[in-house]
2 protein chains.
Amino acid sequence: MFENINIVLVNTSHPGNIGSVARAMGVMGFNKLSLVNPKEFPSSHADALSVGCKNILDHANVYNSLSNALEKNMITVGFSARDRKVPLPSMSLDELATYIKSNNSYTYNIVFGNERTGLTNDDLHQCDYLVNIETHSTTSSLNLSAAVQLFTYQLFLTNNIKKKPNTSVKDLATSKERDYYYSELISILEDTGFVNDKNYKSLLKKIHIIFNKAMLEKDEINILHGMLASIRKKLIVD
Amino acid sequence: MFENINIVLVNTSHPGNIGSVARAMGVMGFNKLSLVNPKEFPSSHADALSVGCKNILDHANVYNSLSNALEKNMITVGFSARDRKVPLPSMSLDELATYIKSNNSYTYNIVFGNERTGLTNDDLHQCDYLVNIETHSTTSSLNLSAAVQLFTYQLFLTNNIKKKPNTSVKDLATSKERDYYYSELISILEDTGFVNDKNYKSLLKKIHIIFNKAMLEKDEINILHGMLASIRKKLIVD
């Protein structure tokens, strides 16, 4: 069901948690699991706790670094306890679910760190967004598979809600229309020299973030296209 | 925090699950746990998995029947997989959380059955309401502590929704910075002929709407400025 979601576990210490995560995924319709340097995998303990979802473990990919595990052109979201100070846009779990639902043509890496230490700063710097799951306690923290379960449930639920007839059914631009605009914009910025091989990826991502936040409607994206077309005509081509 | 919620586990087979339930409770502010005929309790395995919430296990009450565990004058809610056919009013998890929040002077027994077999019909007949947590899979089911985690999180969240002042106090662009960007953009679009006297006002308004929706941060508006500057340099001026 959620083919566009890659759940990534980094430096997991306890193989049982990997099995529990597989179960937390499978029961809500997720099946794509990536493991970065798991302490023990494959593991009979993981298998035992995956109850009915062993196929997810059988198809899990194992990597030796987070950067290798991250699929390209995906939006990467790191989960972290609430006190991390990193210069990343942050979202609540609910906001993330809504975001993914509204941008469903994209693919996503959803990254969870080690049970005790979470994600490192290096890991977080590879993320586009940070999600903190709100909790009451300051002395205890969510179990790894519990965090994954809250994510998979929230996303499942958000996708499963029959269109609330209330929400302003604006004529939102489709992701295809947005992508076409982004590619046009990038193309022009290549011509002006603003985009080059080095910054291409990070800029494309930035553009995605900026304009996706705007929840563009069809008529808005048409206007933006009109702007670009008018610029294109007047551009000096070297 | 949730003193009026008594979480009741019936016939739990694996002591580790009791520990995980304690953690799933504690992290969201719940502390009242009742156990009906646990297979093994107290248990070092339960203690190990309760991470930071062992006090909940220390204060848990153990009973030899569900009826003894149910506190009187409480509303009793049974959790069960979706296919149970019992003549009980049923609620979604979300509805339950809203119900409890709206009727907060009552006290509640929240009852979870055995890992494999769930609640028996006899158990269910002692309940006032039935809750099925929606899932995607028909072949796998929620882990016991995962079900408790979804309940405690949902209730915590429902009670905790204070207007987040858009939490992430991002380094948002000031209105002055935004206005400067808009004027630059308009200026270029005048040069390309896209903006003219007739559409000037409506376009300026559109631009405001689009980019204000994006809640631009400082670094984002800097990038947008960079794009414009690169375009400006390559523009043919009539």
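**View 1. Helix H10 of chain A against helix H9 of chain B.** Asp219(A), Glu220(A), Ile223(A), Leu224(A) and Met227(A) in H10(A) meet Leu203(B), Lys206(B), Ile207(B), Ile209(B), Ile210(B) and Lys213(B) in H9(B), where contact means heavy atoms within 4.5 Å. By class, this contact of H10(A) with H9(B) has 7 nonpolar, no polar and 4 charged residues (Ala, Val, Leu, Ile, Met, Phe, Trp, Tyr, Cys and Pro count as nonpolar, Asp, Glu, Lys and Arg as charged, and the others, Gly among them, as polar). The model is predicted, with local features requiring pLDDT of at least 70 and side-chain atom pairs pLDDT 80 or more, while totals for chains, interfaces and linings use all residues. Residues are numbered from 1 along each chain as its sequence is written, chains are lettered from A in the order in which they are written, and side-chain values use heavy atoms, with hydrogens and water left out.

View 2. Axes are lines fitted to C-alpha atoms over the stretch in contact, and angles run from 0 to 180 degrees between N-to-C directions. Asp219(A) forms a salt bridge with Lys206(B), the closest N and O atoms being 3.0 Å apart (a side-chain nitrogen of Lys or Arg within 4 Å of a carboxyl oxygen of Asp or Glu).

**View 3. Helix H7 of chain A packed with helix H7 of chain B.** The two helices, each spanning residues 144-160 of its chain, pack at an angle of about 65 degrees, with their axes 10 Å apart. That makes H7(A) roughly perpendicular to H7(B). Ala146(A), Gln149(A), Leu150(A) and Tyr153(A) in H7(A) meet Ala146(B), Gln149(B), Leu150(B) and Tyr153(B) in H7(B), a contact with 6 nonpolar, 2 polar and no charged residues.

**View 4. The loop between strand S2 (33-36) and helix H2 (44-49) of chain A.** Pro42(A) is found in this loop, and the peptide bond from Phe41(A) to Pro42(A) is cis, with omega near -5 degrees. Asn37(A), also placed in the loop between S2 and H2 of chain A, has a positive phi of about 45 degrees although it is not a glycine.

Methods:
Helix = DSSP H or I, 4+ residues; strand = E, 2+ residues; numbered from the N terminus. Parallel < 35°, antiparallel > 145°, perpendicular 65-115°, else oblique.
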